[in-house]
2 protein chains.
Amino acid sequence: MKEKEFINIIKSSLKSNYIGDDCAYLKDTGIVISQDNLVENVHFSLDFTTPYKLGWKSAMVNISDICASGAEPICFTVGLSLPSYTDEDFVKEFYHGLKDAAKDIEIVGGDITGADKIFISIAAIGKTAGRKISSRKNAKIGQKIIVSGEHGSSGAGLRLLQNGKNYPEKFITAHLMPEAQIEFSRYIAENIKEDYAMMDTSDGLADALSQIACSSGVNLEIDFDKVPYDVDLKMFADFEDLILYGGEDYQLVACVPEDIAGKFTVIGTVKQGSGITIIKNSQKFNFSIHQIEKKLFNHFK
Amino acid sequence: MKEKEFINIIKSSLKSNYIGDDCAYLKDTGIVISQDNLVENVHFSLDFTTPYKLGWKSAMVNISDICASGAEPICFTVGLSLPSYTDEDFVKEFYHGLKDAAKDIEIVGGDITGADKIFISIAAIGKTAGRKISSRKNAKIGQKIIVSGEHGSSGAGLRLLQNGKNYPEKFITAHLMPEAQIEFSRYIAENIKEDYAMMDTSDGLADALSQIACSSGVNLEIDFDKVPYDVDLKMFADFEDLILYGGEDYQLVACVPEDIAGKFTVIGTVKQGSGITIIKNSQKFNFSIHQIEKKLFNHFK
């Protein structure tokens, strides 16, 4: 059973208006909240990373969720369950990495317990004052599709690590120590007037585009040649797949009006229809959400 | 290494003012937040519970943390990592239990991933408007020590389950389906004028008393005969240990002025000194926090 099928069961059990975006927006309290679980040997392996880098990435993954909503990340809590093979140094290094990534975002509490594998769950809080909050339901025909940076580097880094390589280092770093796109998020959320959709590319660019298309009832058409990526990705025969499906770049993708779009890298336009359309070598390729999902890494496999 | 030693490392890494209570109190945003991890075969076993009861208890554990702060629980997020032996029915039943326990507290989001054991991490949010928020540092000499209900029943239930028994059912229910003490918390937080300490008894009555004593720099003296418990606990030779150290009753214990204390069950008085003192059969027994901790169940053993 797949993650998205479980989510559908949860949605129909809860009948909640909040479930759907990466963050829940609590209007009355002026906050957004999100939570992410990271499980050893599912999301990371100590063969490839260090406790410091694991702490860094755990923080960034959650900061990125808050940024995707347009809110200002203010704090998080950390639930950590640790097996007997982790020690005092693991805890110190992990928190060192967390703190360096968090900068002035405060770690305010959490829980620590035993387990037989490392299990990390972080809940992050963002403040919404002075910001317009995004929803993946908000993409509108005519809006431009913009991205915050390069795609595919993290997937390339994972591929290299899995093949026992640690070079080019920039791809390894992109995978193990991503950077959440705080500035991009802040500029949009503070300056935009109309409703907009924004997501991070934790599950890949194609996934983010198709989630927005599906939730908004529109087609997202992008020009593949406009998607920014590191040219060294061409060392991989399937570099286009890494760019579209690689995931974990933690870039932001947003559908915004033209005036805001002009400040950023525009990769396409929101159109009438459904699914996503990718223009490559003057040809149009159409993908339904179902086709995109089949390409995705599935934790439940 | 023990949970509390890890917490000390985290405290010294973070130098945060927030770490210490079960909830972090974010004054600017008017909320408290807490997080708890529940790990299969550490905190629960599917040999003893059902997905519905697991959902119920997961919610109550977190609602109890918010109640311990004096805030009004308003919502939570649920991070769930599930192994391949859990199915659609597990997810449905788990959320059914969560929802029944949560009542009007909304489940607003979370995460779902794969894992090789069941990991549950819940982050709960409480609203502080109109409430005075507790801290375990706030106990003052002369205050009365009050409790919300009976102690030891949950520990008795666990003991019975571990011995292959499912009777008396009331003890099994106390262990698998505890009730958070929302009314007790609300009355105190809405009516108290002075600073006060409050904790839940998730790790046992003696632990809660000694944590408050240690954080507040006082001695907590209780009269054992005033501690409420179910008389059928006497079927266990060591029923006094179950009452003091059993844990997971999710009762509240608070140090409050006399006018508030008069509405509740008073079990003792805050005195000058350190550690806890238990009066039994007209004798006084003194325990340091170190002695109390040695009696506690240790997840890291």
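A residue is called buried here if 20 or more other C-beta atoms lie within 10 Å of its own, exposed if 12 or fewer, and partly exposed in between, with C-beta atoms placed from the backbone. This is a predicted model, in which local features need pLDDT of at least 70, side-chain atom pairs count only at pLDDT 80 or more, and totals for chains, interfaces and linings use all residues. Residues are numbered from 1 along each chain as its sequence is written, and chains are lettered from A and ligands numbered from 1 in the order in which they are written.

**Helix 6 of chain A**

- Helices (H or I, at least four residues) and strands (E, at least two) are DSSP runs, numbered from the N terminus.
- Helix 6 of chain A spans residues 182-191, and its buried residues are Phe184(A), Ser185(A), Ile188(A) and Ala189(A).
- These residues lie on the same side of helix 6 of chain A, because they cover an arc of only 115° around the axis; the arc is that of the directions from the helix axis to the C-beta atoms.
- In an α-helix there are 3.6 residues a turn, so residues three or four places apart point the same way.
- Glu183(A) and Glu190(A) are exposed, on the face of helix 6 of chain A turned away from its buried side.
- Helix 2 (51-69), strand 7 (197-200), strand 9 (252-256) and helix 9 (258-261) of chain A are what the buried residues of helix 6 of chain A pack against.
- Contact between two residues requires their C-beta atoms, placed from the backbone, to lie within 7 Å.

**Sheet of chain B**

- Two strands count as paired if DSSP finds at least two bridges between them.
- Chain B has an open sheet of 7 strands in the order 7-9-6-10-8-11-12, with mixed pairing.
- Its edge strands, each pairing on one side only, are strand 7 (197-200) and strand 12 (283-287) of chain B.
- From one strand to the next the twist averages 25°, with axes taken as lines fitted to C-alpha atoms, for helices over the stretch in contact, and angles running from 0 to 180 degrees between N-to-C directions.
- Strand 10 (residues 265-271) of chain B pairs antiparallel with strand 6 (residues 144-147) of chain B over 4 bridges, and Ile145(B) has Gly268(B) as its bridge partner.
- Strand 10 of chain B is also joined by 4 bridges to strand 8 (residues 219-223) of chain B, running antiparallel, with Leu220(B) opposite Val270(B).
- Strand 11 (residues 276-280) and strand 12 of chain B are antiparallel over 5 bridges, where Ile278(B) is partnered by Phe285(B).

**Strand pairing in chain A**

- Strand 6 (residues 144-147) of chain A pairs antiparallel with strand 10 (residues 265-271) of chain A over 4 bridges, and Lys144(A) stands opposite Thr269(A).
- Strand 8 (residues 219-223) of chain A runs antiparallel to strand 10 of chain A, with 4 bridges between them; Asn219(A) faces Lys271(A) there.

**Chains A and B together**

- Chain B is superposed on chain A by a rotation of 180° with 0.0 Å of shift along its axis, at RMSD 0.0 Å.
- The two copies are thus related as by a two-fold rotation axis, the superposition being by least squares on the C-alpha atoms of residues with pLDDT of at least 70 in both.
- The contact involves 53 residues from chain B and 53 residues from chain A.
- Strand 4 of chain B gives the most to the side of chain B that touches chain A, with 9 residues.
- The copies meet through the same surface, because 100% of the interface residues of chain B are also interface residues in chain A.
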